[in-house]
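Please read them alongside the coordinates.

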Amino acid sequence: MAFANAGLAVHLFDADPEALARGLDAIAATYGSAVNRGSLSAQTADQARSAIQPHSELPQLADCDLVVEAAFEDLAVKQSIFAALDAIMRPGAILASNTSYLDIDTIASATRRPEAVLGLHFFSPAQVMKLVEVVRGAATAPDVVQTAVALAKRLGKVPVVVGVCPGFVGNRMLGARNAELVDLLLAGASPMQVDAAFTAFGWAMGPFAMQDMAGLDISWRNRRAQGESLPVADDLCAAGRFGQKTGAGYYRYETGSRTPMPDPEVAALIGRIAAERGVVTRSISDREIIERTLYPMINEGFRILEEGIAARASDIDLVWVHGYGFPRALGGPLHWAHRQDLGAIVASLSAWHDETGKAIFQPAASLVALAQSTSNRETSS
């Protein structure tokens, strides 16, 4: 839809005819809703729909200039797809992956044209969200990166060029931000308190309400596929609580309502797990919530800059403002951090690192250096 809305001819492929039909139905329903809301004319919607041609045979894509793979996050599956595409696509065609986490270089190694392979990580829903992470692989040719950036702009997106690492910029920092969420619950915070601390900071929505909206089962399936587990979240899913779509997740929802309501069953579940793990609950302040979520995210941003995954701090801020809803008025996580007492941020991270031993709290060298430099300038002035 993002490509069709920009006036481009689109070939939609799925090997499963039923899945392809479901995709076309979803597209039709989304355009129909837009027409009903008055945000799109019927003529424009029909033009966009007619630009999307379905295919169930891969060779039918052979004349395309660009292919964006959007299969589920399984490296072997993606390598198989890219090897098949490499065999049929014409010379000069660009092969892109919409992966949100996996190694672009490893995906490219399945082809004979690694210079034409890169990541185009759209954010969901792709026809609405502005951010596109353009993931530059080790072998990606400069003109391929330039083409991808120009194309993203044609789609009305905000492209940010990033390097290869697990989760790239956005999801890598999101992992650092969310790493302490379960421990905060087990220590005594409630989902509603954590979410309230986030909205008080300026976020439109807190992490637990957001997870309920997105669906807890998606991450649950990914964890199980990777042999991983997560207390509380896995327990909720095992009980069939997948979020808004099932009427219950971290919160409960009245029929037909999207308003999150605290649920005593969730509080009891968290209390039971905490007791089983020997966690002594206590009062958690909103300040602690921010220190254990926002500070690790900022810290990870400094590491990303150190590693050259992002070229500049403003690129990281663009990713977070346009892809993850960081409060726009605050300019992005690193923009905000530069206007705080960096020494206090480093001290907080160090204290939590001493207490927990967790790597997310180990202050990044560049953050420590900047804090010291800022302190020295203030002292000399």
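The numbered points take the basis of the model, then the cavity, then a pocket.

1. This is a predicted model, in which local features need pLDDT of at least 70 and side-chain atom pairs count only at pLDDT 80 or more, while totals for chains, interfaces and linings use all residues. Residues are numbered from 1 along each chain as its sequence is written, and side-chain values use heavy atoms, with hydrogens and water left out.

2. One cavity of 30 Å³ or more is present. On a 1 Å grid over the protein atoms alone, a cavity is a set of points where a 1.4 Å probe fits but cannot get out. The largest cavity has a volume of about 30 Å³, a volume being the space filled by probe spheres set on the points, which are joined across faces, edges and corners.

3. Lining residues (those with an atom within 4 Å of a point) of the largest cavity are Phe-3, Leu-120, Phe-122, Ala-148, Leu-151, Ala-152 and Leu-155. Strand E5 (117-122) and helix H6 (142-154) each give two or more residues to this lining; H6 supplies the largest share, three residues. Helices (H or I, at least four residues) and strands (E, at least two) are DSSP runs, numbered from the N terminus.

4. By class, the lining of the largest cavity comprises seven nonpolar, no polar and no charged residues. Nonpolar here covers Ala, Val, Leu, Ile, Met, Phe, Trp, Tyr, Cys and Pro; charged covers Asp, Glu, Lys and Arg; polar covers the others, Gly among them.

5. The second largest pocket (an open set with protein on both sides within 12 Å along at least five of seven lines) holds about 310 Å³ of space. Of its 18 lining residues, Met-1, Asn-5, Tyr-31, Leu-40 and Gln-127 are the closest to its centre.

6. Helices H1 (2-5), H2 (17-37) and H3 (42-50) each give two or more residues to the lining of the second largest pocket, and H2 gives the most, with four. That lining divides into 10 nonpolar, seven polar and one charged residues.
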